Amino acid sequence: MKILLISANTERINLPTFPLGLACVAQATLQAGHELECLDLIAVGQPEALLGKTISAFQPEVIGISVRNIDDQNMAGPRFLLQQAKHVVAACKEFSESPVVVGGAGYSLFPQKALDYLGADIGIQGEGEQAFPLLLDHMNKGLSLSDLPGLYLRGRRSCQGNRCFAQDLDRFPLPNPHLLSTSPYEGEDFYIPVQTRRGCPMKCSYCSTETIEGRFIRKRSPEMVVRSFAQWVEAGFRRFQFVDNTFNLPPTYAETLCGFLAKSPFHIAWRCILYPGSLKERLVAAMAKAGCREVSLGFESGCDEMLKGMNKHFKAQDVRDASTMLSDHNISAMGFLMLGGPGETRRSVEKSLAFVHDLNLKALKITVGVRIYPYTALAKIAVEEGLIAPDDDLLFPRFYLERGLEDWLGKTVEERIKENTAWMM
C-alpha cells in the first residue's frame, strides 16, 4: 500500500524536537513492505500547500499523522497545540478521500476525545510500530478492525481492541539515518534522540508516562542500540540524547549499555535523564567513560515533604549527592523545579529555591503550576478539592496551583530568575 506519514508538530518548545516516534513507525511500515512518503512540517511555512502537492503526486491509500504535544504546559499562558494537528487533518481530508489515522505520545493520553476533536477516522493508542502495520494489513485484506490492539474509531466511546505493550522492543526496528531529514533541527544543541526503554514504575503523582508507555520497564538489547549508533555515526552524527524517562533504571541495564558504548570503536557524546534516587558513583563513572557529557536531573523540589507528596523515592540529600558525583566526573547537569503542587507553601518554595543554589547546575528550568493529566494521583486530588469535575477529560489544559500562592509564586520566581542568569521558566 502507499502510505503517507506526517509529523504535524510545528512548535519549537524550547528546542525543536526531531520526530523520533514517527521515524520509528515509518521504519516499521517500510519493513512491512509498504511504499512510503514522509512529511515533517516543523519548518514548513505553508503546510496546506505542501500537503496538497504531496497528496496529489503520491496518491496515498492511508495517511498517518503523528501528534506529539497537546499543549505547552505553561499555566501563565497555555497554548493548545492540538489545533495545529486539526488543521493538518482537515487539509488531508480536503485533498484525499483516504482514511486518516492519528497516533503519537500526545494523542495516546486522550485517545477518544482527541480523535473526535481532530476529526480523523482512526486513532492508535500506544506503540504504533506494532499497531499501524497490523492495521494496514487488515485494511489491505479487507479484514475486520474490531480486534486490533489500541484502536479507536471516531464517534465511538471505547477502544475496539485491548491495548497491549510489546515486551520485546527488539522486534521494532530503529529508524535509519536517511529516513527523515535532520536539517531543520541541526545546530549546536541538536542531538539525535534514542529510546532504549519504555515504561516507568515510579508513579510520580503528576506524571503521564504510565498512561503512554505502561508501568513496567521494557528494554532494547544493548547490541541493537549500539548497531543503531553505528549507522548514525557513519552518517556523520556523533551527539545523541537518550529520551528514556529514567536512564539509570534499572541500573544493571544502564551499566551494561554504558559498557557496550565504551567498547565501541566510535567516539560519541550523549546526554540523558537521570532519576536521583539510589544513583551510584559506579554508574556515573561508567556513563562518563561511555561519553555522557550532560544530564537532566529530574528532582522537581528541594523540600523533602514535597518530594514525598509527589511520590518521589528519594530525598533532597540524594539530589545533592547525585550533583556532586556528576560534577566529579565532569558531567554537567540541568535541574528542574515544579512549584505549586499539593501541599506547597511559601516556606517549601523558599526551601527549594535555596536548595538549587547549592547545586552545581548548568541550568535550571522552573515550572509554576502543574499540568493535570488523567489517571494520575494529582487528578484525583484535583477532583477531591473541586478544582476539576470528575468527568473532565482534561484534553484542554488544566493546572493545579496550591491555593494562596496564586499571586506570590509567579512574582517570586520571576524576581529570582532576574538574579540568576542560568534559571528560566
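This report covers aromatic ring pairs and charges over rings in a predicted model.

## Basis

Local features in this predicted model need pLDDT of at least 70 and side-chain atom pairs count only at pLDDT 80 or more, while totals for chains, interfaces and linings use all residues. Residues are numbered from 1 along each chain as its sequence is written, and side-chain values use heavy atoms, with hydrogens and water left out.

## Aromatic pairs

Rings of Phe, Tyr and Trp (its six-membered ring) pair if their centres lie within 6.5 Å; planes under 30 degrees apart are stacked, over 60 edge-to-face, and the rest tilted. The count by this rule is 15 aromatic pairs.

Phe18 and Tyr185 pair edge-to-face, at 5.6 Å centre to centre with 80 degrees between the planes. Phe18 is in the loop between strand 1 (2-7) and helix 1 (20-31), and Tyr185, 167 residues apart from it, is in the loop between strand 6 (151-153) and strand 7 (192-194). Helices (H or I, at least four residues) and strands (E, at least two) are DSSP runs, numbered from the N terminus. Phe18 and Tyr185 are both buried (under 20% relative accessible area, 1.4 Å probe, protein chains only).

Phe299 and Phe355 are also edge-to-face, with 5.9 Å centre to centre and 75 degrees between the planes. Phe299 belongs to strand 12 (residues 292-300) and Phe355 to helix 13 (residues 346-357), so this pair ties together parts 56 residues apart in sequence. Both Phe299 and Phe355 are buried.

## Cluster

One aromatic cluster is formed by Phe18, Tyr185, Phe190, Trp232 and Phe237.

## Charges over rings

A charge sits over a ring if NZ of Lys or CZ of Arg is within 6 Å of the ring centre and within 35 degrees of the ring normal. Lys86 lies over the face of Tyr117, 4.6 Å from the ring centre. Arg239 has its charged end over the ring of Tyr191, at 4.9 Å from the centre.

Definitions and conventions: Buried < 20%, exposed > 50% of the residue type's maximum accessible area, 1.4 Å probe, protein only.
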